[in-house]
Amino acid sequence: MNTTSLKYDDVNVGDQLPELAIPLTRTLIVSTAIASRDYQDVHHDPGLAQQRGSPDIFMNILTTNGLVGRFITDWAGPNALLKAVRIRLGAPNYPGDTMTITGAVTRKEAGEIEVGLKGSNQLGDHVIGTVVLALPDAPTGKTVKQQAKQNKKSKKKDKKKGRRT
């Protein structure tokens, strides 16, 4: 896990992110479904999951989405801003397997970085997608004069609302 955020200028198209291997325990699958308020029985009841045609309980999409976010912020650091997460699910994540997420920087422009990623298990690709992020020092595309004007407007609004600047 990266405890300091990457710098925009240190990131290049083609950079490989460190692989993240996630053991898929029954506890992880059940607890994250409950934490995300997904009480669908296929995520916590093996018997009912089997009645519905699944060999066992399986991970919900909200958990997958959270793990994708973790993968990006473990690499980019805690101050990275995730601007867009676009994922597609494939093979289910069942208990007893491991999902390994890999990715690479596919685009860098106008202050944004795009990472293409894939999370795979024994059955194949569980998740494929892209994440667009910004780093704290990324260029905004505005001139210094435009940024100063925006900052001045923000301070005036804060003052009107009684906030300290």
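Guide: Begin with contacts: two residues are in contact when they have heavy atoms within 4.5 Å. This is a predicted model. In the protein, among contacts between residues at least 6 apart in sequence, 69% join residues at least 24 apart.

Visitor: Which elements make up the protein, from the N terminus on?

Guide: The order is β-α-α-α-β-β-β-β-α. That gives four helices and five strands.

Visitor: How many residues does the protein have, and what share of them counts as buried?

Guide: Buried means under 20% relative accessible area, and exposed means over 50%. Of the 165 residues, 37% count as buried. The protein exposes about 10000 Å², with carbon and sulfur atoms supplying 51% of that area.

Visitor: Which residues make the nonpolar surface patch?

Guide: Ile61, Leu62 and Leu89 make a patch of about 260 Å². Ile61 belongs to helix 3, residues 61-76. Partly exposed is the class between buried and exposed, so Ile61, at 45% relative accessibility, counts as partly exposed.

Visitor: How many salt bridges are there in the whole structure?

Guide: A salt bridge needs a side-chain nitrogen of Lys or Arg within 4 Å of a carboxyl oxygen of Asp or Glu. A search of the whole structure finds six. One of them joins Asp41 and Arg52, with the closest N and O atoms 3.1 Å apart. This pair links distant parts of the chain: Asp41 is in the loop between helix 1 (26-35) and helix 2 (46-51), while Arg52 is in the loop between helix 2 and helix 3, eleven residues apart. Asp41 has 13% relative accessibility, so it counts as buried.

Visitor: What separates Arg70 and Asp74 in helix 3?

Guide: About one helical turn, because the two residues are four apart in helix 3. Arg70 and Asp74 form a salt bridge, their closest N and O atoms being 3.2 Å apart. Arg70 has a relative accessible area of 39%, so it is partly exposed. Asp74, at 19%, is buried.

Visitor: What is the nearest side chain of opposite charge to Glu114, and how far away is it?

Guide: Arg107, at 4.0 Å. Glu114 is buried yet has no salt bridge. Its place is in strand 4, residues 112-121. Leaving aside residues up to four places away in sequence, Glu114 touches Ala104, Val105, Thr106, Arg107, Thr130, Val131 and Val132.

Visitor: How far apart are Asp137 and Lys7 in sequence and in space?

Guide: They are 130 residues apart in sequence and 6.3 Å apart in space, C-alpha to C-alpha. Asp137 lies in the loop between strand 5 (124-134) and helix 4 (144-160). With residues up to four places away in sequence not counted, Asp137 touches Leu6, Lys7 and Tyr8. A polar atom of the Asp137 side chain lies 2.9 Å from the backbone nitrogen of Tyr8.

Visitor: Is Asp137 buried, partly exposed or exposed?

Guide: Partly exposed, because its relative accessibility is 35%.

How values were computed:
Residues are numbered from 1 along each chain as its sequence is written. This is a predicted model: local features need pLDDT of at least 70, side-chain atom pairs count only at pLDDT 80 or more; totals for chains, interfaces and linings use all residues. Side-chain values use heavy atoms; hydrogens and water are left out. Buried means under 20% relative accessible area, exposed over 50%, partly exposed in between (1.4 Å probe, protein chains only). Lys and Arg count as positive and Asp and Glu as negative; His and the chain ends are not counted. Patches are made of residues with over 30% relative accessible area and no salt bridge: like charges are joined within 9 Å, nonpolar side chains (Val, Leu, Ile, Met, Phe, Trp, Tyr) within 5 Å. Accessible areas come from the Shrake-Rupley method with a 1.4 Å probe; for residues, only the protein chains shown count as cover. A polar contact is a pair of N or O atoms within 3.5 Å; within protein, one must be able to donate a hydrogen and the other to accept it, and residues adjacent in sequence count only if both atoms are side-chain atoms.
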